[in-house]
Amino acid sequence: MVDFLKKLIGVAVFLFAIIGLVKVLQNISGGEGVVLDHAPNRTNDLAAMQRGSKLFVNYCLGCHAASSMRYNRLRDLGIDEDTIKANLLFTSDKVGDLMTISMQPKDAKAWFGVVPPDLSVIARAKDSENGSGPDYLYTYLRGFYKDDTRPTGWNNLVFNNVGMPHALWELQGIQKPVYVDVKGEDGKLEHKLDHLEIATPGTMNKEQYDVAVADLVGYLEWMGEPTAHLRHQLGVWVLMFLGLLAFLTWRLNASYWKEVK
Amino acid sequence: MAFVEKKVSADAPVAEKALAWIDSRFPLTTLWETQWGKYYAPKNFNFWYIFGSLAMLVLVIQIVTGIFLVMHYKPDANLAFASVETTIMRDVPWGWLVRYMHSTGASAFFIIVYLHMTRGLLYGSYRKPRELIWLFGVGIFLCLMGEAFFGYLLPWGQMSYWGAQVIVNLFGAIPFIGPELSLWIRGDYVVSDATLNRFFSFHVIAIPLVLLGLVAAHLIALHEVGSSNPDGIEVKEHLGADGHPLDSIPSHPYYTVHDIFGVSVFLLIFSVIVFFAPEMGGYFLEANNFIPADSLKTPPHIAPVWYFTPFYSILRATTSEFVNFLAAGVVLYVGLIFVKSKLASLWKALALVIGGLLIIGFYTLDAKFFGVVLMGVSVTILAGLPWLDHSPVKSIRYRPDWHKWVYVVFGVAFLVLGYLGVQPPNEARNLVAQVCTFIYFGFFLLMPWWSAMGTFKPVPTRVNFKAH
């Protein structure tokens, strides 16, 4: 027993040493990143994700495809097939079809300078050490501001010189940047973007818009992996089964090894 | 010799008759008994001895899930990404589970194999008479790295694409034939459909065939000479009246039930990842790989998957300034061989020639080439262990206490290299990686001397075993 405790303490000390080492190594880098707002969790809120799906087909699906996503998968969000057909089926006529778009990549390139990315798994692709994919999207979609130096007239806080115009501007309104002069490390004054403020109000106020974006991001997260919910539910059962199995095999093993002297 | 049908009594059960019929034609019973059923293994195995069976389990998981993935996957640059994200992840019932098991299995395989190798290192499992087991094992490790590398291209995401691009380009650093060689590997001027098809072929058939052959050889060699154990004693030196080692027990049923327990615990941990964190924070499935491959858009930071990063760090650490230190290292090492080794003069002359060629090379060829060489050697040097280790005892238990610190420093250097490999490089990190590279190679190259130094503890004649 004492031996075991000694070993345990040894392992603990070793782990702490490793964690300390990693911290030191991280400091060497002096990592800095964009600060992302935390996206509200919508994974268990079907109504929110349904609202998000409507925003998605109305505002995103014109330029962005979601070519891994079939319309009838929306049934998983509690939307029945007739509603899908009546309200959401914009780019196709069969509910079993993929959410593709008719815009040609060549035209898109000419209009935006870049082909709008497919959004099927965008929430998973945007994960980074600055935050989760949904955090990124939540901050990004609330970070558009007016910038007349850009071809589209729009810029973004987390994606500088983005090619995408603000698709949701009617809802949010038009934000303008507010600059402040701060002294940099070298003593020189720097003209720095401090925050955004609404210059022209949209149809929603700030709180309403934040909720709408959270819904949309919730939908995008769900669409990134529609089986995620099932995966978690099933996982609990699998772990309970394996826990029981591990207990039984542990006792089975002990009963055989009792006789080994 | 005439064929003799194995005799069974006329009223024996059908199964017994069938077995006798087979045994007369194929050594089924003998095979089972020599490979497992009556294979006597030391009874003092500890925690570290579970990873062999677990590696076998993961191999089976990878093969079975792989078979099902190939049914739906399309090795075509235009279809590959969608065949994973649309077909397998969404349309095929349970496709997501099969895919996550395969992707998690890849990382699990490396974790297990690294622990399995650590065991070998701690208890001297590679020492005589088990050199061939170790060499087959190194071959398996190389195959595994090939499997992982070729397989990683298949989802055709950004990281797949650019990872393959970077690694294949490394071959371009080889003098004279480099550019043609990397062109030949890719089958195109950039990674493309041609590359994807050949990598698919290597991943699903060529390397698995070699891998399975090596696994069989690894096991046959093991069951021929017998397992080592944490005390590093040859149990066959003390046989009982029945001709079996006194300190051994038959694998079946004792290690069968033992391994079933180990498998249950492993599956528990494996399932936590598969069901609750299949991306494992971007280490098992990288975020960038959810973006389809784009040959015109280079990601700002290309890092290999975690299991390659220690070796990748060594590659990156080899800069043109670092070559000076390498040259100094080579001079000192050749000097050491001349002054301190008992090698025949032919070997010493060979060391001098190789050292001289290296130094000429350091100052005439691109440092990148030596980065590639060091990366290759950092893996293959493992094969030299049975001949580098001159310790009079096998197990770490009976080595001088300070040897344990040598292993700890080596282990930490390896982990630090791994950590640095996933980070974007900067000057300070590079310096740390260079120090760790010296520690890594120093551990192996100086082993003939340090492993024989110090006061060794007396090795018992029989194994340490406490009844459970």
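Phe176 of chain B counts as exposed because it has 7 C-beta neighbours inside 10 Å, where a residue is called exposed with 12 or fewer other C-beta atoms within 10 Å of its own, buried with 20 or more, and partly exposed in between, the C-beta atoms being placed from the backbone. Phe176(B) sits in the loop between helix H7 (158–171) and helix H8 (178–186) of chain B, and its phi is near 70°, a positive value in a residue other than glycine. The model is a predicted one, in which local features need pLDDT of at least 70 and side-chain atom pairs count only at pLDDT 80 or more, while totals for chains, interfaces and linings use all residues. Residues are numbered from 1 along each chain as its sequence is written, and chains are lettered from A and ligands numbered from 1 in the order in which they are written.

**Backbone features of chain B**

- Most residues other than glycine have a negative phi, and most peptide bonds are trans.
- Met280(B), which is not a glycine, has a positive phi of about 50°, and its place is the loop between H10 and H11 of chain B.
- Met280(B) counts as partly exposed because it has 15 C-beta neighbours inside 10 Å.
- Lys128(B) and Pro129(B) are joined by a cis peptide bond with omega of about 5°, and Pro129(B) belongs to the loop between H5 and H6 of chain B.
- A cis peptide bond also runs from His252(B) to Pro253(B), with omega near 10°, and Pro253(B) is placed in helix H10 (residues 251–276) of chain B.
- The helices named here are DSSP runs of H or I with at least four residues, and strands are runs of E with at least two, both numbered from the N terminus.

**The segment before H1 of chain B**

- Phe3(B) is found in the segment that precedes helix H1 (14–23) of chain B, and with 6 C-beta neighbours inside 10 Å it counts as exposed.
- Although 21 residues separate Phe3(B) from Ser24(B) in sequence, the two are 8.3 Å apart in space, C-alpha to C-alpha.

**Two domains in chain B**

- Chain B is assigned domain 1 (34–290) and domain 2 (306–450), with bounds that come from an automatic or database domain assignment.
- The centres of domain 1 and domain 2 of chain B, taken over C-alpha atoms, are separated by 25 Å.
- In the contact between them, 23 residues of domain 1 of chain B meet 18 residues of domain 2 of chain B, two residues being in contact if their C-beta atoms, placed from the backbone, lie within 7 Å.
- On the side of domain 1 of chain B that touches domain 2 of chain B, helix H5 (95–123) and helix H6 (131–153) each supply at least two residues, and the largest share, 6 residues, comes from H6(B).
- That side of domain 1 of chain B has 15 nonpolar, 4 polar and 4 charged residues, with Ala, Val, Leu, Ile, Met, Phe, Trp, Tyr, Cys and Pro counted as nonpolar, Asp, Glu, Lys and Arg as charged, and the others, Gly among them, as polar.

**Packing of H11 and H16 in chain B**

- Helix H11 (residues 309–317) and helix H16 (residues 401–422) of chain B pack at an angle of about 75° with their axes 7 Å apart, the axes being lines fitted to C-alpha atoms, for helices over the stretch in contact, and the angles running from 0 to 180 degrees between N-to-C directions.
- H11(B) and H16(B) are therefore roughly perpendicular to each other, a term for angles of 65 to 115 degrees, whereas those under 35 count as roughly parallel, those over 145 as roughly antiparallel and the rest as oblique.
- Residues of H11(B) in this contact include Tyr312(B) and Ile314(B), and those of H16(B) include Phe414(B) and Leu417(B).
- By class, the contact of H11(B) with H16(B) has 7 nonpolar, 4 polar and no charged residues.

- Chain A has 9 helices and 6 strands, and 28% of its 261 residues count as buried.
- The radius of gyration of chain A is 25 Å, while a compact globule of 261 residues would have one near 18 Å; the radius is taken over C-alpha atoms, and the globule rule is 2.2 Å times the number of residues to the power 0.38.
- The contact between the chains takes 37 residues from chain A and 35 residues from chain B, and H9(A) gives the most to the chain A side, with 17 residues.
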